[in-house]
Amino acid sequence: MITSQTSLAADMKQKLADAYAAIRSQAPWSHPKSPEISHHRVLPHATYSPWLLDEGFQTVFQHIRNHTLVDIYRCYELWTLGQQLSHVPGNYLEVGVWRGGTGALLASTVKDNAAKHVYLADTFQGVVKAGGADTVYVGGEHADTSSALVSDLLKGLGLSNFTLLEGIFPEQTASGFQGKLALLHCDVDVYSSAKDVVEWGIPLLSSGGCIVFDDYGFSGCEGVTKLVNALRSDKGFLFIHNLNGHAILIKK
Ligand SMILES: C[S@@+](CC[C@H](N)C(=O)[O-])C[C@H]1O[C@@H](n2cnc3c(N)ncnc32)[C@H](O)[C@@H]1O
């Protein structure tokens, strides 16, 4: 019995090792426009998955999962950051809302916090400002949404702590944002939009506040990776490259 269990465990270990090796054997690649940004399959070996038993998160995630392009790993990170930053002075802002999934998640984390308001900014007409630093986006992607659809999603969660900012951020809608910033979720896919958003946001960010970049390290979002790599040496921030595809800047 012990022998067969031991050989079963060894067999399983070998199968896992083979699976990891197969994934790792894929050759690294880079886009010809951004050869300095190298890609390779990222497969951390850790397995702890607290999101599975977090009932509060699961309830909201089931409600929003068909309204987001963001995977459960990044969604859970936004969920925990939204909770942790509730004591940092300022409001939350997401630029790049699409159908509202991650915005609804963030708003849920401060649902009962009268000191926090959540601003959700999108053109609701798709990506803008794609340019030479971007490898795949050309503009107009993710236009299959509307502000009404997002508003209904959040109201379905009993949320009223949000304001939608419809138009190009920052030039057309930043005047609708009030207060300091505790959390900025930048999910705009392309270099120039992300640059304009963070240049607007950094002066408003409270100490201890965070900028979370989606798109960091994704194949096709090299423009955002390029921008974050230029910001990461800024001495005013701690920088975390989370292997899930988030880059996080924490203001000292
Ligand atoms: C990948 S989607 C956002 C995904 C969303 N966070 C989710 O939960 O799936 C990117 C969005 O950014 C928006 N966007 C890009 N640049 C923008 C800008 N400068 N101002 C407003 N919205 C912008 C696009 O309209 C698009 O809906």
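Predicted model: local features only at pLDDT ≥ 70, side-chain atom pairs only at ≥ 80, totals over all residues.
**Overall fold.** I began with the secondary structure and counted 7 helices and 7 strands in the protein. Following the chain along the sequence, I noted the order α-α-α-β-α-β-α-β-β-α-β-α-β-β. I then looked up the radius of gyration, which is 20 Å; the globule rule gives 18 Å for 252 residues, so the protein is as compact as a globular protein of that length. For the extent of the C-alpha trace along its principal axes, I recorded about 70 × 45 × 40 Å. I also examined the contacts between residues at least 6 apart in sequence, and 71% of them join residues at least 24 apart.

**Burial and core.** I found that 38% of the 252 residues are buried. I next turned to the largest nonpolar core, which holds 59 residues. Which of its members touch the most others? I listed Leu120, Cys186, Ala194, Phe213 and Val224. As background, I noted that nonpolar side chains in soluble globular proteins tend to be buried together.

I took Cys186 for a closer look. Setting aside residues up to four places away in sequence, I found that Cys186 touches Val95, Gly96, Ala194, Val197, Val198, Ile211, Val212, Phe213 and Asp214.

**Helix α7.** I asked which residues of α7, spanning 222-231, are buried. They are Glu222, Gly223, Val224, Thr225, Leu227 and Val228.

**Ile248 in β7.** I then inspected Ile248, which lies in strand β7. As a distance check, I looked up Ile248 and Phe57: they are 191 residues apart in sequence, and their C-alpha atoms are 21 Å apart in space.

**Ligand shell.** Last, I went through the 23 residues around the ligand; those that come nearest are Thr68, Gly96, Gly101, Thr102 and Val188. How many residues of each class does the shell have? I counted 11 nonpolar, 8 polar and 4 charged. Helix α4 (101-109) and strand β2 (118-122) each supply at least two residues of this shell.

Definitions and conventions
Residues numbered from 1 in each chain as written. Near = placed C-beta within 6 Å. Helix = DSSP H or I, 4+ residues; strand = E, 2+ residues; numbered from the N terminus. Nonpolar A, V, L, I, M, F, W, Y, C, P; charged D, E, K, R; others polar. Buried ≥ 20, exposed ≤ 12 C-beta atoms within 10 Å, placed from the backbone. Core = buried A, V, L, I, M, F, W, Y, C linked by C-beta atoms within 7 Å. Contact = placed C-beta atoms within 7 Å. Rg over C-alpha atoms; globule rule 2.2 N^0.38 Å.
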